[in-house]
Amino acid sequence: MAKIYDFKALKSNGKELDFKEFEGKVLLIVNTASKCGFTPQFKGLEELNQKFKDKGLVVIGFPCNQFASQDPGSDSEIQEFCQLNYGVTFQIMKKIDVNGENGHPIFTFLKSKTKGLLGSKIKWNFTKFLIGKDGETIKRYAPTTKPEKLESDIISML
């Protein structure tokens, strides 16, 4: 049976990231956007990253332009925006699709493991997936769920 560690994806700089690197870590994977009402959540995501990265949390943002074209920039523009405006130090990946025929395999996998309000579809930016150290325990959070609300679940998974 597939686990999150079986996947690879491209970083914003185009280099491949092998998720095998994260075995035994807790992952927080988020589809992000730079021009969305939820964009200020980058601040909360970075706070979680700073608070728990030394305890085994890895935060990864996947920019997506599928929802109202709210992340139209290039990969380098998105990376720069996140760093300059929110001090983001966690990994920002290459822009992807999360739904449809061209949906990234990681999101196809995460959606198959967690059904949201719209079945397996992701309905908006900043849908969050928290994956336990076993690579199988996966919790899904709505875009409206603020990052700080995940803290107790993160602690229990660490």
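Student: Which backbone oxygen does the side chain of Thr39 reach?

Tutor: In this predicted model, the side chain of Thr39 reaches the backbone oxygen of Ser34 at 3.5 Å, and the side chain of Thr39 also reaches the backbone nitrogen of Cys36, at 2.8 Å.

Student: Where is Thr39 found, and is Thr39 buried or exposed?

Tutor: Thr39 is found in the loop between E3 and helix H1 (41–52). For burial, one reads the relative accessible area against a cut-off, with buried meaning under 20%; Thr39 has a relative accessible area of 3% and is therefore buried. Leaving aside neighbours within four places in sequence, Thr39 is in contact with Ala33, Ser34, Phe81, Tyr86 and Phe126.

Student: Which residues touch the most other members of the largest nonpolar core?

Tutor: The general idea is that in soluble globular proteins nonpolar side chains tend to be buried together. Here the largest nonpolar core has 25 residues, of which Ile4, Phe19, Ile29, Phe62 and Ile106 touch the most other members. Two or more residues of this core come from each of strand E3 (26–32), strand E4 (57–63), helix H3 (105–113) and strand E6 (128–131), and H3 gives the most, with 4 residues. A second, separate core has 22 residues, among them Leu28, Ile78, Tyr141 and Leu150.

Student: What is Phe62 in contact with, leaving aside its neighbours within four places in sequence?

Tutor: The contacts of Phe62 include Phe19, Ile29 and Ile106, and also Asn31, Thr32 and Lys94.

Student: How many helices and strands does the protein have, and what radius of gyration does the protein have?

Tutor: The secondary structure comes to 4 helices and 7 strands, running β-β-β-α-β-α-β-α-β-β-α from the N terminus on. A compact globule of 158 residues would have a radius of gyration near 15 Å, and because the protein has 14 Å, the value agrees with that expectation. Buried residues make up 49% of the 158 residues, while residues 24 or more positions apart account for 67% of the contacts with a separation of 6 or more.

Notes:
Residues numbered from 1 in each chain as written. Predicted model: local features only at pLDDT ≥ 70, side-chain atom pairs only at ≥ 80, totals over all residues. Heavy atoms only, no water. Core = buried A, V, L, I, M, F, W, Y, C linked by side-chain atoms within 4.5 Å. Buried < 20%, exposed > 50% of the residue type's maximum accessible area, 1.4 Å probe, protein only. Contact = heavy atoms within 4.5 Å. Polar contact = N/O pair within 3.5 Å; in protein donor to acceptor, adjacent residues only side chain to side chain. Rg over C-alpha atoms; globule rule 2.2 N^0.38 Å.
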